Amino acid sequence: MSPVIGVRVALIVFLIAILQVSAFSSVGIGGGRPDVLLVTLVSIALLRGAVTGAVSGFFAGLIVDVTTLGTLGLTALLLTLTGYWAGRYGETTGRGRKHAPLVATLAATIFVELGGYGVQSMLGEPVSVRVVLVSLPAALVWNAILAYPIFGLVRRLVGTPERVERAREVELLV
Amino acid sequence: MLGVNVRRPATGKPPSRSTSAFRRRIVVGLLVVLALGLITFSFRKPDSGPIASAESAASTALRPFTIAGERVAQPFRDVYGWADSLLTARSDAKRLREENVAMRQQVIQNQFAANENDKLKALLAFRDGPRFPDDYTGLAAAVIARPTGSYAQDVVVAAGSNDGVALDAPVVTANGFLGRVTRVYSRSSRVTLLSDEQLAVSALDVRSGAGGIVKHGRASASTLIFDRVPKKLKVSVGDTIVTAGWRSSKLASLYPKGIPIGRVTSVGQADTDLWKQIQVEPFADFDRVDAVLVLVLKDGQK
């Protein structure tokens, strides 16, 4: 990844993380909130790969944890794993498929919501699975609506890497 | 000649598949270990130690950005709130007119009761705990950050220990009780909302005096339940629930007496349950809170 693209990814992640905690998290309709940061992270990971996805997820999560004064590392852990998985999905099964942004966004939303509940439970924090399950459908709808517009926007800003492929067969002309 | 169209980088050899996979796993492994380490340190010593200091410093550094984000978003939120209120304006006006008539009668009755109460207290030399709002000053603060996941029910406000905010300070909005300060840094604080699983407040029914505990509801994050109310006590739909603010010889409630919490929306009881099943609709809107008042005891009050 070129330094210019790296700086762009860092700026996008920082800006969206700040806007997520200060603006988007207060928009609640139907019991759910849009997670623009998560959709952006999934888009970056699909376009730039697993390593970029994991690193972006870690720093995005760290910004969220610091600004919300939450348990440090919790969101970072969830978003690191999400970025890594989305990147691997983009590099393998989802490569070149039109439905990849939607599928990855929905899977990531379910993972982050239930994963957050799981980690909080393991830490002994009192959390309600009912609240998570009630808000999950609305969060899925919100993020599904945002998946393609944000993916398109992120693709325009960070582009797609040139794939270095190995030739699978050689044709000899005699 | 190759049979497929292949683009190669201008210089250098492409990394082998195994090297690339190894590098990838090392990076994600290190990040996961780092995140787990941060969780461990943060969880074991949330308010002290180097991790808490670093978090405090980082939070202070990021504060201008979150405030800027909040200010950018505020006009859009106002437009949304205005449009939302237009949709319900007619029904709201009708409800408020009816409430106004009922409250006008209530105010006259309350005035008589208050005068009588003052006289009786003076006769008995009655000592009471701190009351809301007379014994407190409100420290106004904007909400600058909210959690991204639905499993956390708290907000971050732009006031900290430098402004006089103390740990466990009660927090209210113009409408009613909101929550409690659970973490304090120099210039920001975390307020855990009453809709969170870990918060509960002792409360009473203003009309009947029935006491109990208000905590998060089971159905959704913005519904509350008035729990531990014995079946023999009377609670009716429409009753107002306020903080109880109890005080014993050495212990006292964190919350002052008389902060409005919500209105009773349903009352039920089952033969098998020890307590009544009471649902409360909170006065404060936990989903749309932009500014709060952190209550600080006036000088000389304890």
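1. How many bridges join strand β6 of chain B to strand β9 of chain B, and do these strands run parallel or antiparallel? In this predicted model, three bridges join β6 (residues 200-205) of chain B to β9 (residues 240-243) of chain B, and the two strands run antiparallel. Within this part of chain B, B:Asp205 stands opposite B:Ile241, a residue of β9(B).

2. The pairing of β6 with β9 belongs to a barrel in chain B, which six strands close in the order β6-β7-β8-β11-β10-β9 with antiparallel pairing. Neighbouring strands of this sheet are turned against each other by 40° on average, if direction is ignored.

3. Where the two chains meet, 56 residues of chain A are in contact with 54 residues of chain B. On the side of chain A that touches chain B, at least two residues each come from α1 (3-22), α3 (50-67), α4 (74-91), α5 (100-122) and α6 (129-158) of chain A, and the largest share, nine residues, is supplied by α3(A). By residue class, that side of chain A divides into 31 nonpolar, 17 polar and eight charged residues.

4. Helix α2 (residues 36-48) of chain A has 13 residues and reaches 18 Å from its first C-alpha to its last, close to the 18 Å expected at 1.5 Å a residue. Because 13 of the 13 residues of α2(A) are buried, this helix is largely enclosed by the rest of the structure. Just after α2(A), A:Gly49 takes a positive phi of about 105°.

Conventions:
Residues numbered from 1 in each chain as written. Chains lettered and ligands numbered in written order. Predicted model: local features only at pLDDT ≥ 70, side-chain atom pairs only at ≥ 80, totals over all residues. Contact = placed C-beta atoms within 7 Å. Helix = DSSP H or I, 4+ residues; strand = E, 2+ residues; numbered from the N terminus. Nonpolar A, V, L, I, M, F, W, Y, C, P; charged D, E, K, R; others polar. Pairing = 2+ DSSP bridges. Axes fitted to C-alpha atoms, helices over the stretch in contact; angles between N-to-C directions. Expected span 1.5 Å × (residues − 1). Buried ≥ 20, exposed ≤ 12 C-beta atoms within 10 Å, placed from the backbone.
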